[in-house]
Structures are given as C-alpha cells and as structure tokens.
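Trainee: I would like to learn how to read a structure, one feature at a time. Where should we start?

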Amino acid sequence: MKDNSKIIGIIALSELKGIGPAFIKKVVSQNTFKSNNLIQEIKDITSSNNKPFDDDTIFDAIENAKDIIFKCKEEGITIIEFTSNDYPFLLKEIKDPPSVIYCKGNLDLLYNKTVCIIGTREPNENAVKISERIGAFYANSSWAICNGLAEGVDNFSIKSNDKIYNKVIGILAGGLNYNTKKTLLKKTAENAEKTVESGGLLISEMPPDKKEDTFTVVKSCRIQAGLSNGLILIQSSLNGGSRFTTKSFCETQRPIAVINPVNSDFDLPTYNANKEIILNSKKGLSKFTELKEDKIQISKIFVIKSKDNYTEFENLMTNRPKNIEQSNTTLFG
C-alpha cells in the first residue's frame, strides 16, 4: 500500500457528508490529488460540483483519512483506491464501485476467476447439500468463491469438512480489524479468520473500527456482484437478503444461475425467488429484485437442474454471452 496523497484525498472525500462512490468515480482520475495542497484541491472538486465544504471540515476529513491509513498499517490491511492498476477491473464496471477497498489476505485472488454463491441463512437439508456440491465443484476447478461468509448457504458453499477452501473471497460489511473491535457477527468473524488462514482474501469498503449494520450489509452486496464473473442463487424467499446481491448483479452484463428445487421443495415459500425466476425469467427477476425489467442487463438466466449443468454455467461465466435468454437446461441428477 502506498501512503500517498491520492489515497488520503480519496478517503477524505468519502468522509465528507453527501459524497458517495458514484460522485468520486466521476470526479477523480489518475491525475487527481497530485498537488501539495489537498485542502484546496478537495475544495475545488466539491465546489465545482455544487457540494461546497469549508476548510475546517475538509481538514478534519483529511486527518480522519490519515488515522484510517495508520490503523490499516497496524492491522496489516492493504488499501487499494479505484484508479489504481491493482484495483480489480470487474469491480470497476459497476456504476458505483467502492472508492477504496480494504483488503486482508491473498491479493492475487483479486484477479482470479470468481463465482458468487449466495442464498438464505436458513437453508433446508437439500439446499445445504447443493451448496456443498456446487462449492466443491468450483473450488476444485480453480474458481474463487465469493460471498459474505455468513451463516447458511454462504457458509456451506465455502468449505469442506469445516475446512475453508483456499480460494475464498469474503466481502465483509464491517472493518477488517474484527479481532480487536468486534466489527462483525461472531460466525462471520470466525469464517473471516479461517479464510485468511486458508489462503483466502477479505475485502471491505468499511474502514477499521466500523461495525457492520443493516445498511453496510446491503451496501456490501454490490461488491459481491461486482467482483464475480457469475452468480448462483441456491435458495431464497422473495424477501430474502439475497435479493440485494442479485439486484446488483442484474445491473451487470454477466450470467446468473438459479437452482431448480427438487419437486418436494418447489412450492416451499423459502424457494419462492427460485420459482419466480425459473417460471417467469426476466419478469421473475424483476419481482424478486424490485428492479424494472428494462434495467436488467444480465447476459443469461440459467437454470441448474443437475450437476451436469455446473460445467455449462462455468463456460457461460468464462465466455460472457451477450443475449439475455433463459436456458431450458434441466439439482440432483
């Protein structure tokens, strides 16, 4: 991590009230924050975009940014700002990529082919088996598995016999100093620590000390979507938390797969999101995510009905087809 004016400037900007990632993406370039007067440069940027701040407010934001950088050095956390060549290119494609990402672990995974596997925190027995099977298939095929490391589908898809795979990317909604400040839920923190120990990677856009809450959890979902070549939805009701990651993914031109439940599970409310997408394709996705159909940009809706489909979806993620269509490919086979 380079402790330079660019990182300080971007973090300081993000600390100002009303300044978000989309704004920073618009106003910050490779040539921004190269002067010796950060206060004036930030003042110029914000004033010219009708977001004026006084010198004292900007000074405080810069000092906060320096404190964040110092804590990251103490905790072994790497900071990557979004104009850096080290920033993952897939994540840059979303409309509001994090201005900086805080990373801990194997940074090489930022550039690995990645699949996002998500679902309910309370999967039934069949969904647990499917999560484990799909996780094992992609882990053994050199894919990184990305999710929030939470209870349920997230947890079952990233490990075998309680040992976490060596290519797991955990997207966290709190600061990465979870061992000293309890920034994460207990199970998530346990999985986070095991992920690093197994050779995986942790990513958050939240600075050290920030505790996860409902807002930051929802916000982190777009990072899961942005980092991944494809998404697999294992099990979800229509109001499940998986809708937030799925919604973000729908704004990318990448494929999404949904598990076709076994006959005995098909009409369960806990599979209603799967059912909607399978029966109504793009319209079902719209109902699940509350995103208008004309805003859904995914390249393909793919239904997984057997283990033979895993490789087919792998090919879709690699090739990134352009036409939105629903596959008739027919999980237990």
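Trainee: Does N50 count as buried or exposed, and why?

Mentor: First, a word on the source. This is a predicted model, in which local features need pLDDT of at least 70, side-chain atom pairs count only at pLDDT 80 or more, and totals for chains, interfaces and linings use all residues. Residues are numbered from 1 along each chain as its sequence is written, and side-chain values use heavy atoms, with hydrogens and water left out. Now the term: buried means under 20% relative accessible area, exposed over 50%, and partly exposed in between (1.4 Å probe, protein chains only). N50 counts as exposed because its relative accessibility is 72%.

Trainee: Where does N50 lie?

Mentor: Helices (H or I, at least four residues) and strands (E, at least two) are DSSP runs, numbered from the N terminus. N50 lies in the loop between α3 (38–48) and α4 (55–75). The phi of N50 is positive, near 60 degrees, and N50 is a residue other than glycine.

Trainee: What is the phi of S281, and where is S281 found?

Mentor: S281, also a residue other than glycine, has a positive phi near 50 degrees. S281 is found in helix α12 (residues 272–289). With a relative accessible area of 17%, S281 is buried. K283 has its place in helix α12 too, but K283 is exposed, with a relative accessible area of 55%.

Trainee: How does one check the length of a helix such as α9?

Mentor: The expected span of a helix is 1.5 Å times one less than its number of residues. Helix α9 (residues 186–197) has 12 residues and should therefore span 16 Å; its end C-alpha atoms are 17 Å apart, which agrees.

Trainee: Which residues of α9 are buried?

Mentor: The buried ones are T188, A189, N191, A192 and T195. They lie on the same side of α9, because they cover an arc of only 165 degrees around the axis. The arc is that of the directions from the helix axis to the C-beta atoms. The general idea is that an α-helix has 3.6 residues a turn, so residues three or four places apart point the same way. On the other side of α9, K186 and E197 are exposed.

Trainee: What covers the buried residues of α9?

Mentor: Contact means heavy atoms within 4.5 Å. The cover includes α7 (153–157), β5 (159–160), β6 (163–164), β7 (168–171), α8 (178–181) and β8 (201–204). After α9 comes G199, with a positive phi near 100 degrees.

Trainee: Which residues of α11 are buried, and what do they pack against?

Mentor: In helix α11 (residues 242–250), the buried residues are S242, T245, T246, S248, F249 and C250. They pack against β3 (114–118), α10 (214–227), β9 (230–233), β10 (256–259) and α12. One of the buried residues, T246, has a relative accessible area of 0%. Leaving out residues up to four places away in sequence, T246 touches I118, L231, I256, L285, F288 and T289.

Trainee: How far does the predictor trust the chain?

Mentor: pLDDT is the predictor's confidence in each residue, from 0 to 100. The protein chain averages a pLDDT of 93, and 95% of the residues score at least 70. Over residues 321–333, pLDDT stays under 50, and the model has 49 contacts for them beyond four places in sequence.
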